[in-house]
Amino acid sequence: MILFFGRPDDSPLARAISAARDADLRHLVIDQARTARYDLVVGTDALDARLTVEGMRVPLGDVSAVYARPLEPPEDGDPAARARAAAFQEWFVGWLDTTPAVVVSRPRAMESNSSKPYQSQLVARSGFAVPETLVSDDPEEILAFRARHGRIVYKSASGIRSIVREFTAADEGRLALVRGLPTQFQAYVPGQDVRVHVVGADTYAAAVDSDAIDYRYADQDGRPARLAPLDLPPDIARRCAELAAALGLPLAGIDLRRTPDGAWVCFEVNPMPAYSYYEAHTGLPISSALVAYLDGRRAPAPALATAPPGV
């Protein structure tokens, strides 16, 4: 039995559910918007639990795999229902970290992205180059960093999704705001963006053709992005799979840039990637690969002797 946990209107989850249905796999959807209506009975052992969803009883010990994309559930006007939903989610997320089932991905593994500077250190240990980075609340230090590198970009230092912007003269007038919010600045890296999705030991790469600083929001700037499948060099594909494995992520979205001189720079590893955007634009079979991995029909991530400290 495969469990899908999240919001069925969330495109990555919806595509995975559809792929499981197409493969005729036994599965159950746990809808975050309806958890207040579910019945959870826990035995003496936290792993000994039974879940009743829409009249279907499932011993969680029978669950072989889980794909979890917990998002903010829709607001419920009933305080009691909100409390029940919150209690269910707290217990279920804790269970994800302890169940022997295959989990994509365990909450504790996702924590590596809670601090982008910390994750960058882990990425560098994997052998990828990373941009020179400054996290600061000191305007003079930031201006000196820009003077040293010429062009710099900035984004949130936390795991919260933010738009990457280039630091321009217009930003100087509001630079004092960083005194209340330390911000991450990085040297600008020229080249072509490449998003690599790792599923177990397999990689699916998309090359991005865009002159926007952050191609994810290119349409907002009137600069559309064009995506196409890309065959990665074998050593880069292997390094991506090993990086995801080191972070404990069976599914990961790795943001790379291939520089004009052929070097590969890694910006970030997304532990809960919205892969559906890339699949829709390139035809890469990421959802099918994900479901095959959950069903045990794909190779697991490469085994490593050790994981980076703190993961």
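## Sheet and cysteines

Phe-4 has Val-29 as its bridge partner in S2. The model is predicted: local features need pLDDT of at least 70, side-chain atom pairs count only at pLDDT 80 or more, and totals for chains, interfaces and linings use all residues. Residues are numbered from 1 along each chain as its sequence is written, and side-chain values use heavy atoms, with hydrogens and water left out.

S1 and S2 run parallel and are joined by 5 bridges. Strands (E, at least two residues) and helices (H or I, at least four) are DSSP runs numbered from the N terminus; two strands pair if DSSP finds at least two bridges between them. S1 (residues 2-6) is also parallel to S6 (residues 65-68), with 4 bridges between them. Here Leu-3 has Val-66 of S6 as its bridge partner.

These pairings belong to an open sheet of 4 strands in the order S2-S1-S6-S7, with parallel pairing. S2 (27-31) and S7 (102-104) each have a single partner strand, so one side of each is left without a neighbour in the sheet.

Helix H1 (residues 11-22) packs on the sheet and touches S1, S2 and S6 (contact means heavy atoms within 4.5 Å).

A search of the whole structure finds 0 disulfides, a disulfide being a pair of cysteine sulfur atoms within 2.5 Å.

| Cysteine | Nearest cysteine sulfur |
|---|---|
| Cys-240 | Cys-266, 7.2 Å |
| Cys-266 | Cys-240, 7.2 Å |

Cys-240 counts as buried at 0% relative accessibility, and Cys-266 counts as buried at 1%. Buried means under 20% relative accessible area, exposed over 50%, and partly exposed in between (1.4 Å probe, protein chains only).

Note on methods:
Axes are lines fitted to C-alpha atoms, for helices over the stretch in contact, and angles run from 0 to 180 degrees between N-to-C directions.
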